[in-house]
Amino acid sequence: MLIRATAFPYRRPGCPHCGHLINHWPRDSNLESCQLCLRPMILLRRPTDWNGPKRLRGLLDIGFALYGLLTIGLVAVFIVTGLSPHGFAKAISVLLFIIGTVLATDGVLGLRSGMDRTGKRLRLGRSARVVAGGKLAAGAAAILLLCIGLTL
């Protein structure tokens, strides 16, 4: 009996957002979206071989982590060096672009799919759409603050 070869020979990974099992991942792509919750996922793998997915992460989660690390680094630079408060405010406003786009994207995808995950809690239906609307509003406010901060 022959077993059909799949893109995931060892185990089928799930979406980092909703847990939906991934059936197929194109070999030449590192970025795909979940078919159920529509969230973008990125495949981090070794460039030398293909043994299935090594690490499957949500692209929006990577954006949140990047924002956190850059904020900590910016505060450290402000404390250690002689960065002016004006320069610090401009740098924070540029960082608002990252969090604003991530929140707005998560809000739009939550409104479209009716699924939202905040922390470890997965919401479905109407409550997910309400929280997604709040994320969209917060993302729009962050982008508005970015525009205000760049005009300083």
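**View 1. Helix 1 and helix 2 cross at roughly 170 degrees**. The axes of helix 1 (residues 59–80) and helix 2 (residues 85–113) come within 10 Å; axes are lines fitted to C-alpha atoms, for helices over the stretch in contact, and angles run from 0 to 180 degrees between N-to-C directions. The two helices are therefore roughly antiparallel to each other (angles over 145 degrees). Helices (H or I, at least four residues) and strands (E, at least two) are DSSP runs, numbered from the N terminus. This is a predicted model, in which local features need pLDDT of at least 70, side-chain atom pairs count only at pLDDT 80 or more, and totals for chains, interfaces and linings use all residues. Residues are numbered from 1 along each chain as its sequence is written, and side-chain values use heavy atoms, with hydrogens and water left out.

**View 2. Residues where helix 1 meets helix 2**.

**View 3. An open sheet of 3 strands in the order 1-2-3**. Pairing is antiparallel; two strands pair if DSSP finds at least two bridges between them. Strand 1 (31–33) and strand 3 (55–58) are the edge strands, each pairing on one side only. From one strand to the next, the twist averages 30 degrees.

**View 4. Strand 2 beside strand 3, with helix 1 on the sheet**. Strand 2 (residues 40–44) is joined to strand 3 by 4 bridges. Leu43 has Leu56 in strand 3 as its bridge partner. Helix 1 packs on the sheet and touches strand 1, strand 2 and strand 3. The direction of helix 1 makes about 75 degrees with that of strand 3.

How values were computed: Parallel < 35°, antiparallel > 145°, perpendicular 65-115°, else oblique. Contact = heavy atoms within 4.5 Å.
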